[in-house]
Amino acid sequence: MTSNEIAELFPAEISGEWIVVASAADLQPGTTLIVRIAERNLRLQRSMDGHLSAQLSAASDRPEPRIHLQTAYSFIWFCFGAPNKPLFLLPEYAQTDGRIVECGSFGVRTSPLRAVENFLDMGHFPYVHTDILGAEPRTEVNAYRIELRETVDELWAIDCRFHQPKAAAGAATAQETDYTYRVVSPFNVILYKSPPAPHTGNDVICLFIQPLAEQQLRAHLLMVLKDDTSTMSGMIAFQQLIFGQDKPILENHIPLLLPLIGQSEKPARADAMSMAYRRWLLAKNWTYGTQRFAQNSKAA
Ligand SMILES: [Fe+2]
């Protein structure tokens, strides 16, 4: 298959990427589901013996051999063409003292990259998630470290810390929360944060982005929480409240596409991870979901 043939089906950046397309619970054995990826419909099928297959709706009824599918971490994952790398590892999903919380998915009208970038930004906590993930006057984002882990091509932010009035559904008091961000691919990001006392280790919050178009996405949220008191609906409601606060902010960004070059958004220390994310995308020659005219304006 030539690169031109791939480009006819999906944007170049999409091919080779593992992309979430549905909750595994939405595709029971013997059923079919139509999902959307980058302005294309895909028909997913799970046979009675559990085997997954997919056809591009516009093509024949035969399974599309260039599509790879797998079920992992409560979701169905799609990759068109040869994978750039294996699906990321999430060993915490199998840990026995963590509760798996599937928080559902949300449609958002913005660039898939904006959703990831917003997830990486601690600076908005006091203003958008007031009295939950942050509160004035404790608004400062302290310096943290950024690592590009080249062997797995993941971008990490470590030693992040933020004062949080209510860090999780099960939090009874305010706490200083340690954060570690792990961007495993341009559309998938995992957050490790210290759980409310008396628990140790990490709560895990995953944001998996299904790109529907360059300015339209579905955000799938999964958590693995150290919490033995909250109800499942209470933990889901907490995260849905947080995301419900982010959604209007995301949809009112100007521009919706993510600028990779140019001075339309000035970097600040609080934005260090955002800047690293943009540089990482730029190094990949990534354009899907980005504001490409910014490159033109720089050249002009
Ligand atoms: Fe937020």
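This short talk covers an iron site, a sheet and the helices packed on that sheet.

First, the ground rules. This is a predicted model: local features need pLDDT of at least 70, side-chain atom pairs count only at pLDDT 80 or more, and totals for chains, interfaces and linings use all residues. Residues are numbered from 1 along each chain as its sequence is written, and side-chain values use heavy atoms, leaving out hydrogens and water.

Start with the metal. His124 (NE2), His129 (NE2) and two OD atoms of Asp246 coordinate the iron ion, at 2.0 to 2.4 Å. Donors here are N, O and S atoms within 2.8 Å of the metal (3.2 Å for Na, K and Ca); water is not among the atoms, so sites may look incomplete. Along the chain the spacing reads H-x4-H-x116-D. Histidine 129 is buried at 1% relative accessibility. Histidine 124 is also buried, at 10%. Buried means under 20% relative accessible area, with a 1.4 Å probe and protein chains only.

Now the sheet. It is open, has 7 strands with antiparallel pairing, and runs E7-E13-E12-E11-E10-E9-E8. Strands (E, at least two residues) and helices (H or I, at least four) are DSSP runs, numbered from the N terminus. Pairing takes at least two DSSP bridges. E11 (residues 188-193) and E12 (residues 203-213) share 6 bridges. In that pair, leucine 191 faces isoleucine 205 of E12.

What does helix H4 touch on the sheet? Helix H4 (residues 232-251) touches E7, E12 and E13. Contact means heavy atoms within 4.5 Å. Helix H2 (residues 112-119) lies across E10, E11, E12 and E13.

Conventions. Buried < 20%, exposed > 50% of the residue type's maximum accessible area, 1.4 Å probe, protein only. Axes fitted to C-alpha atoms, helices over the stretch in contact; angles between N-to-C directions.
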